[in-house]
Structures are given as C-alpha cells and as structure tokens.
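Subject: Structure handover

Hello,

Here is the structure you are taking over. My notes on what was found in it follow below.

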Amino acid sequence: MLHFGWFVGHGFGVQGWGTPGYSPGFDWKKPVLYQEAVRAFERSGLDLFIVEDSLTVPDTYGGTAQVSLAHASFAPKHDPLALVPYLLSATEHLGIVPTVSASFYPPFTAARLLATLQHFSNGQLGWNVVTSGSDLAAQNYGLDQQIEHDLRYEKAEEFVDVVRRLWRSWEPDAIREDAVAGVFADHTKVRPINHDGEFFKVRGPLNTAPLPEEPVLVQAGASPRGKAFAGGNADVAIALARGADGMKAYRDSIRAEASGAGRNPDDVKVLFVLKPTVVGSKAEAAELRARRRELTQRDIDSQLNSISYLSVIDFKQFDLDAPLPELSTNSNQGTLEHFAKAAPPGSTLREILQVRSGGAGDSIIGTTEEIADYLEETGEAVGGDGFLFSGFVDPVTVHGVLDKLTPELRRRGLLRSSYGNGGFRPNLLDF
C-alpha cells in the first residue's frame with residue numbers, strides 16, 4: 001500500500017487557465033472550488049493536500065511580467081493560510097498543508113497561526129516549510145536579494161526549532177480549569193523560551209493553548225543541504241526525481257539523513273511528485289504525447305517563464321536550438337537540475353522542452369492500467385512510500401485523474417479504503 005496526495009502548484013490561485021477544460025465558472029477567488037476538490041481527495045483516500053505559495057509577480061523571463069500574467073503563472077494568488085479553515089470545514093481526515101516561508105515569516109507569528117489552525121482541525125494540519133529562493137520575493141521583504149542557499153537552510157533549521165519550542169512552551173497539562181481553586185492555568189508550566197540565535201530573537205512563551213499534537217512538517221529538499229534539513233526535520237519529504245533508480249537513490253538519502261539525525265527513518269515518508277494524464281487507449285496516449293511535443297510559442301514561454309522564476313535565471317537569453325550551458329543558481333537548485341536533466345546530455349533547450357511536454361520524467365500519460373502499473377512497479381522498486389499527484393483543482397482535472405485511477409489502485413491494494421481515527425500523523429504511520 002502506498003500513500004497518495006495532491007499538490008496544487010499554482011497555490012490558491014487561478015485554476016485551469018489555458019487548458020481545454022477551463023471555465024470562467026471556476027472562481028478560484030472563492031473557497032468553494034477548493035472545498036469541492038478536497039472532498040474528492042478525501043473520498044479517494046488521499047492522505048494530504050499541499051497548497052504551494054509564492055510571494056511575488058515574476059518578471060525574470062525577458063525582464064517583464066508579461067508571460068507570468070498572460071498565463072496566470074505564479075500570479076495572481078491569495079495567501080493559503082486564509083484558505084485552511086474552509087478546507088478543514090469540508091473534510092475530516094485529509095491532511096491540509098499550507099506553505100509557510102521560513103525566510104520571511106517571524107517564527108512567533110507562524111507558531112501562533114499554525115497552533116490556532118491545529119486547534120481548529122481534527123489533527124489534520126500540516127505545514128510545508130520552504131526557504132523562498134526568489135530575489136524578487138526578498139525585495140518584497142526589505143532585502144536586495146535572497147541570502148545564500150545553504151545559509152537559508154541554516155535559517156530554516158533555527159526557524160523550525162523556535163516554532164517547535166514555542167509550541168512546547170506550555171506543558172501539556174498546564175491548563176487545569178480548576179474552578180474550586182480559581183486556577184485556569186498553572187503558571188509554573190508556562191515558560192519563556194528566551195531564544196537568542198543567529199537569525200531570530202524570541203522571548204516566548206506562545207500565548208495560545210498547548211497543542212495535543214503538533215502539525216505534520218512537510219519539506220522539499222533536493223540539494224545536499226536541503227536533504228539534510230528534510231531528513232532531520234520532516235515528517236513528509238516531497239521530491240522530483242527521474243525513474244525508479246533516481247527515486248530510490250533520493251529516498252535512501254533522506255532515510256540516511258534521518259537515521260544520522262537520530263530519527264527512525266520509517267517516520268519520514270518520501271512522496272514523489274507526478275503529474276498524471278489518464279486517457280482511454282494507448283493510441284490516444286501516443287497521439288497526445290506527439291501533440292504535446294509540437295511546441296507552440298505559448299508552451300515555450302510558459303515552461304521557460306516557470307524555470308526562469310524558480311532558478312532566477314532568464315532563460316530567454318538562451319538559443320532554443322543549442323545545448324543548454326552549465327548553469328548554477330542560489331535559488332531552487334534541485335528544480336534547475338531536474339529541468340536540465342529532462343533530456344539526454346547535450347540536448348538542446350528545445351529538445352528538453354519537448355521531452356517535458358511529451359509526458360516524461362515527472363509527467364506521465366497513459367491508460368488507467370498503464371498508470372497503475374507504473375505506480376505499482378515504481379513504488380515496489382523504490383521501496384515505498386508513495387506519490388503526490390500534481391495538477392489544478394478544477395473539477396475536470398481532479399475527476400479526470402481520480403475517478404479513473406482510484407478504483408484500479410484500490411483493486412490492486414495500493415490505495416487505502418478507509419482512514420483511522422487518529423488524524424493526519426497516525427494515517428501517515430499506518431504503513
């Protein structure tokens with residue numbers, strides 16, 4: 001049995017724009033669209049729903065926001081934390097995971113918000129901790145550029161430590177509610193944390209009630225420093241990787257980092273991001289792959305705009321029909337590497353884009369049986385833990401994937417048929 005989830009890469013933003021199923025009736029500015037989606041995820045037995053976030057209107061590609069705004073790519077979008085109560089009200093078991101930036105959130109604010117939402121939930125809350133590599137985002141928070149890559153992870157380590165210490169600044173039995181003695185809470189069990197570190201200075205204690213259970217921490221780290229952070233802190237590590245061998249190597253590295261940090265590696269679930277497209281026949285799959293490889297200018301601009309923003313490198317400067325030069329970034333190193341290695345070494349930029357559009361790597365096109373075969377065989381080769389479907393949350397996308405895949409995955413014993421009663425974290429540890 002495998003764990004499955006859904007990752008909405010456009011966050012609390014425009015859903016389905018530019019796809020055949022798009023309808024102006026998909027009002028992404030209201031929570032109803034997302035509530036209907038999470039109900040479908042829960043009916044299907046998924047374990048979690050992650051809402052991505054970003055903090056800027058990207059204009060790296062060609063030095064303008066034209067493509068970002070024309071394609072509704074990364075902008076506009078709302079803050080995912082405001083969406084969480086609506087999603088909790090629509091579900092009982094599904095893990096709801098908003099994104100929180102360790103680069104820009106004050107840890108006290110993050111700890112208080114997340115603690116409040118966890119109290120509102122039925123043990124369903126998670127938090128996707130990111131390090132926000134964008135210089136554009138940094139400029140929205142008073143910086144000229146983002147701090148150095150590995151130093152961002154040092155900051156994130158301290159951020160997570162402070163948040164957790166704030167959550168634990170009230171002992172579990174601090175609240176007595178003793179009407180006879182006239183004592184609501186025992187002051188000896190509520191203490192400041194008096195943290196004075198490299199990046200943060202926080203007195204504490206938190207002024208919310210003690211948590212019965214801390215939210216599940218989700219993290220995507222692909223660089224050596226990022227994997228060390230994920231292995232040492234995350235309950236769920238999410239990743240892009242190519243092929244079963246690449247996935248297994250990544251999972252093994254995360255488990256080794258967890259073990260090295262004194263953790264039980266089985267407590268870290270590694271989920272690989274996959275964008276499935278379910279079609280009715282092998283002929284239809286072949287036709288769709290071929291059609292996607294015939295790149296339009298929109299396809300080219302959309303892909304290059306995305307990788308430009310994520311890498312902070314303007315890909316408009318490169319010749320489409322020349323091999324991609326060696327590149328490095330202070331931003332999303334794993335994402336850049338994943339993009340560059342989509343096609344064989346020496347491939348042109350156009351060939352890389354064609355392979356990505358044709359359903360290779362983290363995208364798969366096939367019949368229900370073909371995709372189920374892939375999930376089953378790859379999951380077995382990797383050793384567990386599961387997959388994170390990526391896509392919009394409009395009804396066409398959600399039902400186009402889940403209505404066809406769910407019955408087949410359950411028939412094979414790959415997908416849970418019921419949840420336990422313990423909440424998000426126990427569900428992850430069921431298998």
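Helix 13 and helix 14 pass each other in a right-handed crossing. Please keep in mind that the model is predicted. The axes of helix 13 (residues 368-382) and helix 14 (residues 395-411) come within 10 Å and cross at roughly 55°. Helix 13 is therefore oblique to helix 14. On the helix 13 side, the contact involves Thr-368, Ile-371, Ala-372 and Leu-375, which meet Lys-404, Leu-405, Glu-408 and Leu-409 of helix 14. By type, the residues of this contact are five nonpolar, one polar and two charged.

Helix 10 contributes Ile-300, Gln-303 and Leu-304 to the contact, and helix 12 contributes Leu-349, Arg-350, Leu-353, Arg-356 and Ser-357. Here the division is four nonpolar, two polar and two charged.

Next, the nonpolar cores. The largest has 81 residues, and those with the most contacts inside it are Trp-6, Phe-41, Phe-49, Trp-127, Phe-159 and Val-393. Helix 6 (residues 149-167) gives the most to this core, with eight residues. Leaving aside residues up to four places away in sequence, Trp-127 touches a set of residues including Val-97, Pro-98, Leu-114, Phe-159, Val-163, Trp-167 and Pro-215. There is also a second, separate core of 18 residues, with Ile-313, Phe-339, Ala-342 and Ile-352 among them.

Finally, some backbone details. Most residues other than glycine have a negative phi, and most peptide bonds are trans. The bond joining Ala-75 and Pro-76 is cis, with omega about 0°; Pro-76 is in the loop between helix 2 (66-70) and helix 3 (80-90). Another cis peptide bond runs from Gly-204 to Pro-205, with omega near 0°, and Pro-205 lies in the loop between strand 8 (201-202) and strand 9 (216-219).

Ser-132 has a positive phi, near 50°, and is placed in the loop between strand 4 (126-130) and helix 5 (135-139). Asn-194 also has a positive phi, near 45°, in the loop between strand 6 (183-185) and strand 7 (195-196). Which of the two terms, buried or exposed, applies to Ser-132? Its relative accessibility is 15%, so Ser-132 counts as buried. Asn-194, at 56% relative accessibility, counts as exposed.

Regards

Notes: Residues numbered from 1 in each chain as written. Predicted model: local features only at pLDDT ≥ 70, side-chain atom pairs only at ≥ 80, totals over all residues. Heavy atoms only, no water. Contact = heavy atoms within 4.5 Å. Helix = DSSP H or I, 4+ residues; strand = E, 2+ residues; numbered from the N terminus. Nonpolar A, V, L, I, M, F, W, Y, C, P; charged D, E, K, R; others polar. Core = buried A, V, L, I, M, F, W, Y, C linked by side-chain atoms within 4.5 Å. Buried < 20%, exposed > 50% of the residue type's maximum accessible area, 1.4 Å probe, protein only. Axes fitted to C-alpha atoms, helices over the stretch in contact; angles between N-to-C directions. Parallel < 35°, antiparallel > 145°, perpendicular 65-115°, else oblique. Left-handed = near helix turned anticlockwise from the far one by under 90°.
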